[in-house]
Amino acid sequence: MVLVRITRRAHFSAAHRLCRPDWSEERNTKVFGDCSNPNWHGHNYELVVTVEGAIDPETGFVMNLKQLKDILEDRVVSDIDHRNLNTDVPWLAQVNPTTENLAVAVWARISDSLPSGANLVSVIVNETPRNSVEYRGPQENGRP
């Protein structure tokens, strides 16, 4: 069987503050630097999602990219675009919204929404043009 990977990109803007409420302001500033500003800061994020599967002989698709676009919009972007990740997103409640935690949370939001035969391979969150995180799913026996 031939497996093919498809990728869809989405963009969103969001504010956040990296901090632990159980730490002092001094410790938060020391660990998270400017990202711990109590008045928040924001990013123009790029979300890159890759799915793998066999090519359907009838459609020629692994899955319809429009369907993947809709899943990303409905399950992720509509919740986080122009929002405060710390205060406005229920599925990020009680999570320090680092890019790492955001990538894992996005995976959880979309992995069960894909059609049969389309397997989520990776979620990449580009926080800036120079900083990104890639998550390849839960680890089993030390392997992705």
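Two strands count as paired if DSSP finds at least two bridges between them. Keep that rule in mind for this predicted model, where strand β1 (residues 3-16) is joined to β3 by 2 bridges, with the two strands running parallel.

Let's step back and take in the whole protein. It has 3 helices and 5 strands, and reading along the sequence gives the pattern β-α-β-α-β-α-β-β. Taken along the principal axes, the C-alpha atoms fill a box of roughly 60 × 35 × 30 Å. Of the 144 residues, 40% count as buried. If you consider the contacts with a separation of 6 or more, 67% of them come from residues 24 or more positions apart.

Now for the sheet. Its 5 strands form an open sheet with mixed pairing, in the order β3-β1-β2-β4-β5. The edges are held by β3 (83-84) and β5 (132-135); each has a single partner strand, so one side of each is left without a neighbour in the sheet. Moving on to β2 and β4, you will find antiparallel pairing over 7 bridges, and T50 has S122 in β4 as its bridge partner. Next along, β4 and β5 also pair in the antiparallel sense, over 4 bridges. Here N126 has S132 in β5 as its bridge partner, and a hairpin of 5 residues joins β4 to β5.

Helix α2 (residues 65-80) lies across β1, β2 (41-54) and β3, and runs at about 20 degrees to β1. Helix α3 (residues 99-110) lies across β1, β2, β4 (119-126) and β5, running at about 145 degrees to β4. These helices also meet one another: the axes of α2 and α3 come within 10 Å and cross at roughly 140 degrees. An angle over 145 degrees would count as roughly antiparallel, and α2 and α3 are therefore oblique to each other. Their crossing is right-handed. On the α2 side the contact is made by I71, L72, R75, V76 and D79, and on the α3 side by V106, R109 and I110.

What fills the inside? The largest nonpolar core has 33 residues, and L47, V49, V51, I110 and V123 touch the most other members. The elements giving two or more residues to this core are β1, β2, α2, α3, β4 and β5. Setting aside residues up to four places away in sequence, V123 touches L47, V48, V49, A103, V106, W107, I110, V133, E134 and Y135. As for β4, that strand is mostly covered, with 6 of its 8 residues buried.

Helix α1 (residues 25-32) contains N28. Is N28 buried or exposed? Buried means under 20% relative accessible area, and N28 counts as buried because its relative accessibility is 1%. Leaving aside neighbours within four places in sequence, N28 is in contact with C19, R20, W23, G33 and S36.

How values were computed
Residues numbered from 1 in each chain as written. Predicted model: local features only at pLDDT ≥ 70, side-chain atom pairs only at ≥ 80, totals over all residues. Heavy atoms only, no water. Contact = heavy atoms within 4.5 Å. Axes fitted to C-alpha atoms, helices over the stretch in contact; angles between N-to-C directions. Core = buried A, V, L, I, M, F, W, Y, C linked by side-chain atoms within 4.5 Å. Buried < 20%, exposed > 50% of the residue type's maximum accessible area, 1.4 Å probe, protein only. Parallel < 35°, antiparallel > 145°, perpendicular 65-115°, else oblique. Left-handed = near helix turned anticlockwise from the far one by under 90°.
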